[in-house]
Amino acid sequence: AVTLQCFDADWKMIGIEQVGYLQGTTDWQQVKGTVTLPPGTANFMTNLYLSGSGKAWLDDVTFSPAK
């Protein structure tokens, strides 16, 4: 799972959103999603969660504002 954690200016967490999720054995795949940041978000962090054995990594991470 790929998530986006949202924090205020003092780094107090104010929300977490799941961006995407993959299951099973996969080759390189794009995880793409749209999230709305909670009011007061000043900082954010992306996370990659892996459950079970195996390997996962992020490559070419891009964030862009909504149009």
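Predicted model: local features only at pLDDT ≥ 70, side-chain atom pairs only at ≥ 80, totals over all residues.
## Basis of the model

Residues are numbered from 1 along each chain as its sequence is written, and side-chain values use heavy atoms, with hydrogens and water left out. Local features need pLDDT of at least 70 and side-chain atom pairs count only at pLDDT 80 or more, whereas totals for chains, interfaces and linings use all residues.

## The chain as a whole

The chain has zero helices and three strands, where helices (H or I, at least four residues) and strands (E, at least two) are DSSP runs numbered from the N terminus. Along the sequence this gives the pattern β-β-β, and the C-alpha atoms fill a box of roughly 40 × 30 × 15 Å, taken along the principal axes.

Of the 67 residues in the chain, 15% are buried; buried means under 20% relative accessible area, exposed over 50%, and partly exposed in between, with a 1.4 Å probe and protein chains only. The chain exposes about 5,700 Å², of which carbon and sulfur atoms supply 50%, the areas coming from the Shrake-Rupley method with a 1.4 Å probe and, for residues, only the protein chains shown counting as cover. Among contacts (heavy atoms within 4.5 Å) between residues at least 6 apart in sequence, 52% join residues at least 24 apart.

Strand β1 covers residues 2-7, and six of its six residues are buried. Val2, Leu4 and Cys6 point one way from β1, while Thr3, Gln5 and Phe7 point the other way.

Two strands pair if DSSP finds at least two bridges between them, and β1 pairs with strand β2 (residues 13-20) in the antiparallel sense over six bridges. In this pairing leucine 4 stands opposite glutamate 17 of β2. The two strands form a hairpin with five residues between them, and tryptophan 11 in that turn has a positive phi of about 65 degrees. Strand β1 is also joined by six bridges to strand β3 (residues 43-48), again in an antiparallel arrangement, with methionine 45 in β3 as the bridge partner of glutamine 5.

Threonine 3, which is found in β1, counts as buried at 7% relative accessibility. Leaving aside neighbours within four places in sequence, threonine 3 is in contact with Ile16, Glu17, Gln18, Val19, Met45, Thr46, Asn47 and Tyr49.

## Aromatic pairs

A search of the whole structure finds three aromatic pairs; rings of Phe, Tyr and Trp (its six-membered ring) pair if their centres lie within 6.5 Å, and planes under 30 degrees apart count as stacked, over 60 as edge-to-face and the rest as tilted. One of the pairs joins phenylalanine 7 and tryptophan 11, whose ring centres are 5.2 Å apart and whose planes stand at 45 degrees, so this pair is tilted. Phenylalanine 7 counts as buried at 8% relative accessibility, whereas tryptophan 11, at 48%, counts as partly exposed.

In another pair, phenylalanine 44 and phenylalanine 63 have ring centres 5.0 Å apart and planes at 70 degrees, so the pair is edge-to-face. Phenylalanine 44 lies in strand β3 and phenylalanine 63 in the segment after β3, so the pair ties together parts that are 19 residues apart in sequence. Phenylalanine 44 is partly exposed at 37% relative accessibility, and phenylalanine 63 is partly exposed with a relative accessible area of 47%.
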